[in-house]
2 protein chains.
Amino acid sequence: MTKYLYDIPLPQARLIFEEALKAAGKAGILGSEEVPLNEHALGRVLSIPIWARLSSPHYHASAMDGYAVHSDTTGLASPASPIELLIGTQAAYVDTGDPLPAWFDAVIPIEDIEPVTETVVDSEKPLKMIRIRAAVTPWSHVRTMGEDIVATQLVLPAGHILRPVDLGAIAASGHASITVARKPRVAILPTGTELVPVGQPVKAGDIIEFNSIVLASQVIGWGAEATRYPITGDDFELICQRVMDAAREHDLILLNAGSSAGSEDFSAQVVEKLGELLVHGIAVRPGHPVILGMIGKKPIQIPIIGVPGYPVSAILTGEIFVEPLISNWMGKSPQTPMTMKATLTRKVTSPAGDDDYMRLAVGRVGEKVLAAPLSRGAGVITSMVRADGITILPRGIQGLPAGSEVEVNLYRHPNEIENTIFAIGSHDITIDILAQFLAEKKRRLISANVGSMGGLIAISRGECHLAGSHLLDPESGEYNVKYVKEIITNLPVKIITLVGRQQGLLVAKGNPKQISSLQDLTRKDVAYINRQSGAGTRVLLDYHLRLSGILSDRIRGYHNEEYTHLGVAAAIASERADCGLGIEAAAQALGLDFIPLYQERYDLVIPITYYESQLLHPLLDLLWNIDFKNSVASLPGYNIDSMGKIIL
Amino acid sequence: MTKYLYDIPLPQARLIFEEALKAAGKAGILGSEEVPLNEHALGRVLSIPIWARLSSPHYHASAMDGYAVHSDTTGLASPASPIELLIGTQAAYVDTGDPLPAWFDAVIPIEDIEPVTETVVDSEKPLKMIRIRAAVTPWSHVRTMGEDIVATQLVLPAGHILRPVDLGAIAASGHASITVARKPRVAILPTGTELVPVGQPVKAGDIIEFNSIVLASQVIGWGAEATRYPITGDDFELICQRVMDAAREHDLILLNAGSSAGSEDFSAQVVEKLGELLVHGIAVRPGHPVILGMIGKKPIQIPIIGVPGYPVSAILTGEIFVEPLISNWMGKSPQTPMTMKATLTRKVTSPAGDDDYMRLAVGRVGEKVLAAPLSRGAGVITSMVRADGITILPRGIQGLPAGSEVEVNLYRHPNEIENTIFAIGSHDITIDILAQFLAEKKRRLISANVGSMGGLIAISRGECHLAGSHLLDPESGEYNVKYVKEIITNLPVKIITLVGRQQGLLVAKGNPKQISSLQDLTRKDVAYINRQSGAGTRVLLDYHLRLSGILSDRIRGYHNEEYTHLGVAAAIASERADCGLGIEAAAQALGLDFIPLYQERYDLVIPITYYESQLLHPLLDLLWNIDFKNSVASLPGYNIDSMGKIIL
């Protein structure tokens with residue numbers, strides 16, 4: 001009841017934290033350690049610069065296999081008049097890397113020497129000679145001492161992150177050990193009575209505890225060490241105990257979840273009891289119930305971050321607060337992402353009081369780099385998996401219209417973004433399988449599910465490479481062609497069949513309500529779950545309702561809409577509804593029963609430009625690939641007879 | 001004597017190797033292993049796609065702390081006429097993440113609820129109520145089952161490299177373990193009688209063995225496991241033995257050095273004896289004596305790569321052959337570097353028969369991105385340390401003129417390149433110290449040493465941000481001003497003093513030839529080593545020779561030139577010469593004696609545009625930084641009295 005959540009602006013929160021770290025003597029490098037120079041030093045950060053102790057080469061070295069000579073003795077040699085040099089006094093054989101014998105100043109490569117001849121003066125000791133036909137300049141084919149590194153020069157500055165080549169240069173300059181920043185030790189404490197560890201069976205209300213895995217791997221990726229503690233229940237005393245334990249052996253504590261102001265949120269109280277609560281609540285979204293504090297009494301304090309429980313909030317808290325702290329403690333610059341400008345595909349709104357971290361799928365479609373906003377939910381971890389980058393809508397901005405240019409902080413290499421196929425339209429599980437097969441062909445397929453109609457509109461706007469569509473024309477009984485011609489008037493497209501599939505009614509296991517046809521939808525005891533308007537399945541329903549003379553008013557739940565087949569299945573599985581029209585694969589996915597009703601065609605609509613592009617080439621190939629076809633054919637209710645058939 | 005070195009074009013060599021790998025069944029993923037899902041899976045490559053086993057959330061979950069209700073019961077609530085709902089039957093308290101009780105379909109956040117009231121009907125059991133002033137829509141503040149992940153959907157494709165967020169998504173989708181590509185095991189065998197391990201004292205002819213460290217850390221960085229073997233001498237039988245040993249437990253052998261055709265180069269013979277020599281010599285530079293082969297009898301063979309001994313060749317062999325092989329074995333795409341277009345600062349030549357991997361320093365100077373070619377020597381590892389990228393001059397091209405545009409494969413993040421200060425001109429050790437201090441200020445200073453005059457010319461061409469210069473005007477006795485005015489006529493510049501320093505004669509320890517003044521340079525027994533023309537030190541020498549009436553013809557070695565103070569010192573230390581004009585720090589660096597003669601001024605010349613830029617701001621600040629000044633003042637022969645003084 002004494003907990004308050006303020007929304008402090010991010011820069012201010014950072015400042016407060018930095019001041020507290022300074023006061024605790026934890027604003028710079030935590031410490032250094034000497035480590036042997038070997039492959040395990042890769043990625044460590046130098047805390048002392050490397051000045052060369054030794055030159056490299058540390059002697060005049062032959063750069064070739066050949067004969068060392070003094071250049072003065074070769075002056076008269078020419079193609080027409082070769083000269084001979086006595087091996088021993090005037091020439092000496094050297095391998096690459098051998099030191100130049102004293103008073104020699106050049107090497108003649110073995111391939112420029114004519115076969116060695118013998119001059120017998122004393123039969124016991126025949127004199128051996130080399131014959132050459134060109135003069136050499138001083139120091140030719142010699143790596144002179146210090147050519148690479150001169151003793152005392154700066155080899156690498158402090159703060160440098162060691163790459164393979166650096167380890168070589170440090171060794172060459174005469175060092176056998178290096179002084180690097182000690183790795184910060186980070187404790188990660190998952191708390192929450194509702195948490196269960198990965199691998200255990202779950203029941204309603206259980207939450208699989210994976211934030212600690214994500215945070216630990218972030219921390220390891222940033223160069224620090226991570227300790228994952230076991231789950232602690234929502235027990236104030238127990239959490240205090242664990243935090244105290246962790247504080248003894250770590251440089252930073254990440255206390256996960258319980259950072260908000262709910263009845264079982266103890267983090268703020270824990271920090272207040274054990275030290276100093278600096279910040280509770282920061283104006284960033286997602287992630288705002290972040291806690292910043294210090295454990296222990298001044299001046300001996302260690303920082304603690306109360307990390308929100310929603311996975312996206314947790315990940316962003318890591319990126320915003322933990323990464324810069326770890327980098328600073330190791331004496332390196334915080335990571336700066338690559339950036340890219342992109343055009344928003346749709347309007348977005350944003351809370352005016354917060355810095356809003358918006359996840360985006362990014363792809364190049366023709367000349368434009370498009371950024372499609374992904375789910376804004378803090379619990380939707382797949383939005384982070386799918387995110388190609390993030391744009392920050394700063395405080396004070398309430399949104400941006402479609403077509404706005406945004407600066408994207410990239411999570412991916414720009415090359416990957418160039419190899420991305422952007423699909424918008426109706427979703428089908430075959431699209432997932434396509435994505436899987438394309439990954440092996442170095443293509444990334446990302447799809448936004450907005451229904452068939454939405455996909456055709458996206459094509460006409462130049463916002464995607466292809467759209468999946470299964471729109472029935474009620475007059476002709478034909479699929480897609482009429483809609484494509486009506487909606488996409490500005491560019492030529494191909495329509496290619498991906499798959500034939502069964503549509504039918506999804507019902508609970510065992511079909512407890514004995515539903516068997518569309519007629520049953522009008523029963524008082526039956527709740528229907530519908531697809532959004534514009535979805536092919538919705539068009540299909542409406543077509544058959546009209547054929548059967550059923551009025552939609554008479555169907556309970558007709559106006560409750562889901563955006564995917566799986567969404568419909570989930571609604572039925574969770575008893576939100578009794579039945580819905582959809583595909584058999586979705587029924588099977590969630591253990592539902594399926595009443596087959598109609599066979600329909602699911603096509604890909606592709607602008608000719610992309611149809612003929614290198615980008616889509618592997619996708620079109622797959623439509624004739626036997627492994628892909630078999631994968632799809634093995635799905636219940638799918639028919640691959642027409643796969644790859646060109647409709648238009 | 002049976003060894004031949006052919007120069008096979010790179011694509012052909014790759015093809016031969018790939019065919020042999022295919023025949024040995026080693027062209028794809030080597031194998032998979034199941035690992036537990038935890039932070040140690042970071043960076044591993046999925047070899048089986050992840051399909052969701054569980055939905056996330058796997059139940060309808062409250063998205064807020066508040067009261068679960070059925071939306072139907074809230075329909076009549078409005079600000080003016082609140083309604084009350086009975087806790088228990090009409091409303092139930094839920095924390096964030098709690099499952100929604102059956103038949104409820106929405107959550108009202110705690111902050112939208114007016115204080116709970118009690119209606120005492122039965123004093124034993126007072127009824128508790130909540131009061132609300134707004135209707136709620138179905139499923140508001142609820143994370144519906146499958147909102148994030150629906151069971152059966154594709155979470156991640158095979159071939160995906162696991163990031164922290166992926167581990168979370170995999171856990172959320174119901175997996176406790178994953179199947180990833182097994183890490184390839186790479187054996188690294190350093191050979192050569194001349195090699196000594198890091199940390200041992202060296203004598204002339206000894207080479208510090210660090211290629212195995214560089215190769216091992218490359219291999220580890222690419223995701224494989226590396227075994228470094230001890231050094232094997234140039235002993236054919238012993239090398240064969242080691243290779244056989246390594247072949248038993250590894251997937252790839254890197255046999256370092258001995259890959260050329262010299263008298264002690266056994267690698268090709270070893271491969272021929274133990275298996276199949278596929279390629280000996282590839283038309284790439286540096287690196288051409290590469291060996292590709294297979295150890296063992298068909299079809300049970302493991303690949304071996306004979307890696308050249310020069311460090312730059314070794315590193316590039318790793319990048320060209322080892323990285324793609326490891327990536328392929330793990331089922332991921334080979335690394336593709338970021339690229340950037342840049343303008344060559346000088347003409348380069350290239351062997352027409354080879355693909356020439358040219359190392360470049362890259363920086364932005366004004367509007368131009370400039371690429372300065374670095375040392376081409378295969379032994380110059382610092383050229384790889386300093387390289388910001390590589391451009392490949394393909395076979396058939398014999399060179400490029402200055403000003404050519406090249407495509408650079410970057411080794412660094414483009415952000416770093418934007419933060420790079422490009423210095424061209426006279427070198428001074430103070431520039432190294434500046435670089436060290438600037439690294440802490442997030443600036444990279446790279447310098448090309450071409451002498452004072454060369455630096456002024458580079459400024460006038462817009463090819464650098466600053467030039468170090470110490471050019472004496474023989475008429476006025478003043479430094480730099482006259483030269484700057486003569487050479488840089490096209491843009492306004494500032495001249496700022498960096499340091500005053502002592503110039504004098506560098507001589508061997510103990511001054512065995514008793515040299516004490518310029519007069520001694522004309523002695524028959526004294527060999528001089530000079531600086532290149534255009535160097536400030538050369539101008540200084542010539543000025544004083546004229547003052548003293550000494551003719552340069554009378555100085556033995558006057559025409560032997562070095563490009564740096566340290567180069568001059570190295571020439572004397574290695575007895576190539578007896579004395580040379582230079583600075584005391586260079587003498588001290590190599591243990592030479594120093595005869596002080598003149599005090600001179602070393603200035604920085606900076607175009608006004610850069611003088612006022614954010615980029616150079618930290619550098620100019622350092623001229624007033626006490627730590628920096630102390631570092632410089634502690635150098636022998638340096639004087640910081642005028643540091644930071646503006647001359648022009």
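Ala, Val, Leu, Ile, Met, Phe, Trp, Tyr, Cys and Pro count here as nonpolar, Asp, Glu, Lys and Arg as charged, and the others, Gly among them, as polar. The model is predicted.

**Symmetry.** Two copies of a chain are related by a rotation about an axis and a shift along it.

**Domains.** Chain A is divided as follows.

| Domain of chain A | Residues |
|---|---|
| domain 1 | 10-28 + 183-329 |
| domain 2 | 32-57 + 147-181 |
| domain 3 | 61-143 |
| domain 4 | 340-418 |
| domain 5 | 452-639 |

Taken over C-alpha atoms, the centres of domain 2 of chain A and domain 4 of chain A are 41 Å apart.

Rolling a probe the size of a water molecule over the atoms shows where empty space is left. The whole structure holds four cavities of 30 Å³ or more. The largest cavity has about 70 Å³ of space. Its lining includes Thr152(A) from one chain, and His427(B), Asp428(B) and Ile429(B) from the other. His565(B), Leu566(B), Ile583(B), Ala585(B), Ala586(B) and Ala589(B) also line the largest cavity.

Which helix gives the most to this lining? α14(B) does, with three residues. In chain B, α13 (565-573) and α14 (584-589) each supply at least two lining residues. By class, the lining of the largest cavity has six nonpolar residues, three polar and one charged.

Note on methods. Residues numbered from 1 in each chain as written. Chains lettered and ligands numbered in written order. Predicted model: local features only at pLDDT ≥ 70, side-chain atom pairs only at ≥ 80, totals over all residues. Heavy atoms only, no water. Domains from an automatic or database assignment. 1 Å grid on protein atoms, 1.4 Å probe; cavity = no way out; pocket = protein on both sides within 12 Å on 5 of 7 lines; lining within 4 Å. Points joined across faces, edges and corners; volume = space filled by probe spheres on them. Helix = DSSP H or I, 4+ residues; strand = E, 2+ residues; numbered from the N terminus.
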